[in-house]
Amino acid sequence: MIPPAHAPAFLAAHGWGNAQILPLAGDASFRRYFRIIDGDRRAVLMDAPPPHEDPRPFIAVTEYLGAQGLTAPTILARDLAQGLLLIDDFGDVRLRETVDAALDSEADHYAAVTDLLVHLHARPPMPGLPVHGLAQWLDEVMLFSDWYCPALDIAVDRDAFRAAWETALTPVEQDAVPRVTVLRDFHAENIMLVPGKQGIAHYGLLDFQDALVGHPAYDLASVLEDARRDVSPRVEAAMLARYRRATRHDIENAYWALAAQRNTRILGVFVRLWKRDGKPHYKTFQPRMWGLLERDLAHPALAPVKAWFDAHVPAEKRTAAWR
């Protein structure tokens, strides 16, 4: 978390020459974030180094979200050639820690987050985004067969694995629910509680540069089947009902199918982060991912996928392998 060498000159050119540059966070990508402090002023420096990262999608999506009345960081300064953005600082209060510290607030916070999705899904999808549909869903689950299975010495017939998923996901692809902007990494660690704002605007959005146009159930599954914190089943059921009442869309089968798809992909992604990228701490999330996936597979819509898992992935190579 050493700032890039060109950061001080960039900050000075935009009126932050006397500011402190403090480490803030890194993530699963090459992006890094630094807090910039100059007296009473605060901002965040995003380091998205080319050619590994391109900050332009982040800029486009944050401007779209702001135009929809949602709280996304304002771009204060930019240098695309060096991959630097200076953006709003939403502070340190995240949804995850807030709810964990006061579990009786969980239902209220998740109701607001669900309402945020209802609001976003009522707007036309952002133009120009890639499509997230059947072909992409199938490619993504192959991360499980291509990374998870070799790491645990599981022999796999990739064609049969893909065919089981195609059977389960084709009805979701063909349903009549309107497609929407999908933020994709919408979960409690990417949602900030922004002081001075009320209602859904109180919830500041982060890490949405991989946004797509896809099924509305995807982001609901992302936040309710969170890879990093356990949402109570009671709240999950209440939020599914809340979304259905607000939109009049029946997304029940799509929710469980896309939750299973997402969790299977993440099991593979976390192994890849460990094996390829040298980030072994992602292994600690695998027991939760298996717990979520086992719940998903119990849904009748996932019967062909459950049959594949039951035939090929023994219990000792699921949750037990990571304890």
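1. Basis of the note. The structure is a predicted model, in which local features need pLDDT of at least 70 and side-chain atom pairs count only at pLDDT 80 or more, whereas totals for chains, interfaces and linings use all residues. Residues are numbered from 1 along each chain as its sequence is written, and side-chain values use heavy atoms, with hydrogens and water left out.

2. Helix H7. Helices (H or I, at least four residues) and strands (E, at least two) are DSSP runs, numbered from the N terminus. Helix H7 covers residues 217-224, and eight of its eight residues are buried, so the helix is largely enclosed by the rest of the structure. Here buried means under 20% relative accessible area, exposed means over 50%, and partly exposed lies in between (1.4 Å probe, protein chains only). Among the buried residues are Tyr 218, Asp 219 and Ser 222.

3. The cover of H7. Contact means heavy atoms within 4.5 Å. The elements that cover the buried residues of H7 include helices H4 (106-121), H8 (233-247) and H9 (252-275), together with strands S6 (180-182) and S7 (191-193).

4. Helices H5 and H6. Helix H5 (residues 134-151) packs with helix H6 (residues 158-173) at an angle of about 145°, and their axes are 10 Å apart. The axes are lines fitted to C-alpha atoms, for helices over the stretch in contact, and angles run from 0 to 180 degrees between N-to-C directions. On the H5 side the contact includes Trp 137, Leu 138 and Phe 144, and on the H6 side it includes Phe 161, Trp 165 and Leu 169.

5. Salt bridges. A salt bridge is a side-chain nitrogen of Lys or Arg within 4 Å of a carboxyl oxygen of Asp or Glu. The count by this rule is 29 salt bridges. One of them joins the side chains of Asp 38 and Arg 41, at 2.7 Å from N to O. Asp 38 is partly exposed at 22% relative accessible area, and Arg 41 is partly exposed at 35%.

6. Asp 54 and Arg 56 form a salt bridge with their closest N and O atoms 2.9 Å apart; Asp 54 is partly exposed at 35% relative accessibility, whereas Arg 56 is exposed at 53%. Asp 277, partly exposed at 30%, pairs with Arg 276 in a salt bridge whose closest N and O atoms are 2.8 Å apart.
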